[in-house]
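Here is a short report for someone meeting this structure for the first time. Please look over the sequence and the model before reading on.

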Amino acid sequence: MTSVIEVEHLTKRYRDTIAVDDITFAIEKDVIYGLLGRNGAGKTSVMSILTAQNFATSGDVRVFGEDPYENGRVLSRVCFVRESQKYPDDAKPPHAFATARLFFPNWSQELCDRLVAEFELPMRTRIKKLSRGQLSAVGVIIGLASRAEITFFDEPYLGLDAVARQLFYDRLVEDYTAHPRTVILSSHLIDEVANLIERVLVIDHGRIIMDEETDAVRDRAATIVGDTAAVDAFVAGREVIHRESLGHVSSVTVIGTLSPDDRRRLGEAGLEVAPVSLQQLIVRTTQHTDTARTEGAAR
Amino acid sequence: MIEEGRPLFLQIAESVEDSIIDGSLAEEAQAPSTNELAAFYRINPATAAKGVNMLVDKGVIHKRRGIGMFVSPGARDLLLAERRTVFADRFVEPLLDEARKLGLGADDLGQLIRERMTASHTDTEGPAR
């Protein structure tokens, strides 16, 4: 595997706040990543630093093996679609696309034109006057049509309805298949992107708490439901990340793939197993580390 | 179509296997490509490729350079033998466990299975036609 991005001991502080806390990771070439985490977890800080739009407090960042700061060789191969991208006041969509075309060597005008039609983007309206969804469409079109070797999408879907989001996901997979490249997709709509991302990176409180192949975590956790005593007997010795009870019925989420033998024991004990989606797994894992953090601080 | 809680590459491989077992994908016929599977199930192409590679490793499908993927001769028999073992583990074992508790022997089970098969046969064939 070739890495296109290497980050070592990266830290970003804003006055008293630590946004990124000594993280080390690598991004492999031609893989679609999901960069997931709560608001304020540090996702945008990391992406801004990797695209040289912000400075690291300390640590080392290499993009294509080079320092990205004021480095035209690197930056023309990287596209960053920001959630809050600013455009000049009088700019209309064609101006934004023409600028992108000059900047990105792999730009596809054909793909751009097709996406403009599919997203039904008004080309004669000033970008300032576009709706939130149309503004997002401008970013998505630039991100896809630039065919940059590394493309960051920071919550690119704001204001896009379900149909437009599906269009984005479908075109992303389609164009990625024809023109493989590295994509880092930051999103809160985890279940929507779960099947598109090959690897998942989860950031929580400025630290990376998950860096894995998405398919490998699909059976990583399970929720066991049934009589509390029977559930407790089964989950004893396993890592519990969530527990809910109602009367004498408990629903407990445990980490660990269930073996055929486990399933047999569950059947015999009359317990039910519910699958845990990537979204639920991340929510539970994040809550779990939050609780551990609060308890650690209280001690 | 896609279930939560199980790796996608396994589900993709099983969907192709199911088509071979039920005969809709004949031996020597062209199998769906990685890209077709990725587009149809709306999943990452690398994950679809992992499922396809698993089938290649098993000898269920093979690649013809420059043309595509094809179902290998003998693939159906291979899969049926594999599924038979899985069936025994997943369904027959628990059935036998429960039968032992109830004191049912092999003859009693055979009798029960024949009764139910006749009943469900009449159910599906009877009013529907």
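This is a predicted model: local features need pLDDT of at least 70, side-chain atom pairs count only at pLDDT 80 or more; totals for chains, interfaces and linings use all residues.

**Chain A overall**

Chain A has 299 residues, and 37% of them count as buried. Its secondary structure comes to 11 helices and 13 strands. Along the principal axes, the C-alpha atoms of chain A fill a box of roughly 65 × 40 × 35 Å. Take the contacts in chain A with a separation of 6 or more: residues 24 or more positions apart account for 68% of them.

In chain A, the contact between the domains takes 10 residues from domain 1 and seven residues from domain 2. Which elements supply the domain 1 side of chain A? Helix 7 (190–193), strand 8 (199–204) and strand 9 (207–213) of chain A each give at least two residues. By class, that side of domain 1 of chain A divides into six nonpolar, one polar and three charged residues.

**The nonpolar core**

In soluble globular proteins, nonpolar side chains tend to be buried together. Here, the largest nonpolar core has 95 residues. Among those with the most contacts inside this core are Ile32(A), Tyr33(A), Ile141(A), Leu185(A) and Val202(A). Helix 5 (residues 132–145) of chain A gives the most to the core, with eight residues.

Val202(A) shows who meets whom. Neighbours within four places in sequence are left aside. Val202(A) is then in contact with Leu36(A), Gly37(A), Ile208(A), Ile209(A), Met210(A) and Ile282(A).

**A closer look at helix 5 of chain A**

Helix 5 of chain A is mostly covered, with 11 of its 14 residues buried. The buried residues include Leu135(A), Val138(A), Ile141(A) and Leu144(A). Ser136(A), Gly139(A) and Gly143(A) are also on the buried list.

What do these buried residues pack against? Their partners are strand 5 (78–81), helix 3 (93–103), helix 4 (109–118), strand 6 (150–154) and helix 6 of chain A.

The length of helix 5 can be checked. At 1.5 Å a residue, its 14 residues should span 20 Å. The end C-alpha atoms of helix 5 of chain A are 20 Å apart, so the two values agree. Just after helix 5, Arg147(A) takes a positive phi of about 45°.

**Where chain A meets chain B**

How many residues of each chain are in contact? The count is 19 residues of chain A with 19 residues of chain B. On the chain A side, helix 6 (162–178) and helix 10 (260–268) each supply at least two residues. Helix 6 of chain A provides the largest share, five residues. The side of chain A that touches chain B has nine nonpolar, four polar and six charged residues.

**A residue of chain B**

Thr118(B) lies in helix 5 (residues 106–125) of chain B. Is Thr118(B) buried or exposed? Thr118(B) has 10 C-beta neighbours inside 10 Å, so it counts as exposed; the cut-off for exposed is 12 or fewer. Thr118(B) and Phe87(B) are 31 residues apart in sequence, and their C-alpha atoms are 21 Å apart in space.

Notes: Residues are numbered from 1 along each chain as its sequence is written. Chains are lettered from A and ligands numbered from 1 in the order in which they are written. Two residues are in contact if their C-beta atoms, placed from the backbone, lie within 7 Å. Helices (H or I, at least four residues) and strands (E, at least two) are DSSP runs, numbered from the N terminus. Ala, Val, Leu, Ile, Met, Phe, Trp, Tyr, Cys and Pro count as nonpolar, Asp, Glu, Lys and Arg as charged, and the others, Gly among them, as polar. A residue is buried if 20 or more other C-beta atoms lie within 10 Å of its own, exposed if 12 or fewer, and partly exposed in between; C-beta atoms are placed from the backbone. A nonpolar core is a set of buried Ala, Val, Leu, Ile, Met, Phe, Trp, Tyr and Cys residues joined through C-beta atoms within 7 Å. The expected span of a helix is 1.5 Å times one less than its number of residues.
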